[in-house]
Amino acid sequence: MNSGEYQKFEELGLDQWLLKLCWKIDYKEPRPIQVLSIPPLLQGKNVLISSQTGSGKTAAFSFPILQTLSQDPYGIFAIILTANRELAVQIAEQIQIFGASVNLRLALLIGGLSSSKQVKLLGQIPHIIIGTPGRCAELLSIDVNFQKYIKNVKYFILDEVDRLLEPQIWDDIKKVYEQCESPQIALVSATLNNVTQQLKDEFANVNFVECINNPEQKVSETIKHKFVLMPDLVKDYYFIHLMKKLEGASTIVFAPTCRKCHELNELLNHFEIKSTCLHSMLPQHERIGNLRAYRSQKAQVLVATDVASRGLDIPNVKFVINWNVPKVEADYIHRVGRTGRAGRRGTAITMMTQFDVERVLAIENLITLKMEEIKFNEEKVLANMTDVTKAIKTIKIKMQQDGTTEKFIDLQKKKVRSKQKRKGSQEEQQS
Ligand code: AMP
């Protein structure tokens, strides 16, 4: 590393050891969102951080935490809460790399894994906690170390914060936040604009510096946006036709439900397209294993629900396929943001039926871009009709016979019941 190199990082106020780290991990110069966010965070300010998917937000909030931690290390120094377990794992892995030279103690507190092991980690008074709100709130209610040491937390970070605003999740966040005496706050997401006021209201006595990069450009310019139009009845035939055309390219397919995710994954494997899946009804060890298989390119395709739409940083994703048009427009931005990261090129293809026209128009409005149509020769598409129909039948029969369908229905019922219960208790509280 030559003197003079990495000067732009130095100008942000970063210490020598972090400049060396940038050299080691080949960060040649700071990304715009890092230029905006690192100085105020180092100056002790609260920040709202927003920029496109894949634009370097993790380092933007992690570098200041690590720098101040290295100057006065104690536990628990920072809490980072995020929208799903896989994202928490990814942030923990990244911070572990960033902080490798400063003897960092991290605790990953997420659901689906043994809580007794996590309690043990808390016993070692970690410097940084990375977790999901539910598990953190649960452990806080039972663990004395956590209750004692959380008071002096210096940084309180909410990543993918717009996704965390759902009432039950927000209640858990409040339980954690209320135990921290005077933390510095960073609220982070690619899609903040619709919720900025709500966040400011939630943190009524907090002043925020707004670190918002390029608010007009909602999606990375390296992503191409396309659609395929088809009648709903023949969607599966188009899907297989499209997937065969992608010829070995690393692809994420987004599906609307866990069950559909499972079915599409089976369908792809039936047609010898190596696929794996990620959804909330899988046990955590399978979620981690399947994601690892996709990351390491053992599987060409990952079929996922929106659990994979936020934050996941997988450099080689070439295509994002929206098997369904997302109901929430902001989810489109996050889904397609799994490709075209850090300046690479990627393509998003949305499967659009006669029922989706309005929603596609709303998405085009949001991203201020027109999607380009891909036209397939229908005769060629329908040539696979018999094979696809047969395969779907076989998959459905297998799912019935091995109890998978029943499992999905049971879990779905449980979800609906708990939603109704929550709604009931909220209405009770309001009346
Ligand atoms: P993130 O948006 O934080 O998930 O980052 C997206 C990708 O950009 C990750 O692979 C980071 O390692 C990479 N990255 C972040 N900051 C820089 C930088 N200054 N120079 C080069 N790559 C970066």
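Which residues is Q300 in contact with, leaving aside its neighbours within four places in sequence? The first view answers this. The model is predicted: local features need pLDDT of at least 70, side-chain atom pairs count only at pLDDT 80 or more, and totals for chains, interfaces and linings use all residues. Residues are numbered from 1 along each chain as its sequence is written, and side-chain values use heavy atoms, without hydrogens or water.

View 1. Q300 sits in the loop between helix 13 (284–295) and strand 11 (301–304). Helices (H or I, at least four residues) and strands (E, at least two) are DSSP runs, numbered from the N terminus. Beyond its sequence neighbours within four places, Q300 is in contact (heavy atoms within 4.5 Å) with G248, A249, S250, T251, I273, K274 and Y294. A polar atom of the Q300 side chain lies 3.0 Å from the backbone oxygen of A249. Q300 counts as buried because its relative accessibility is 15%; the cut-off is under 20% relative accessible area, with a 1.4 Å probe and protein chains only.

**View 2. Packing of helix 7.** Helix 7 spans residues 133–142, and its buried residues are P133, R135, C136, A137, L139 and L140. They pack against strand 2 (78–81), strand 3 (106–109), helix 6 (115–123), strand 4 (128–131), helix 8 (144–149) and helix 9 (167–177).

Definitions and conventions. Buried < 20%, exposed > 50% of the residue type's maximum accessible area, 1.4 Å probe, protein only. Polar contact = N/O pair within 3.5 Å; in protein donor to acceptor, adjacent residues only side chain to side chain.
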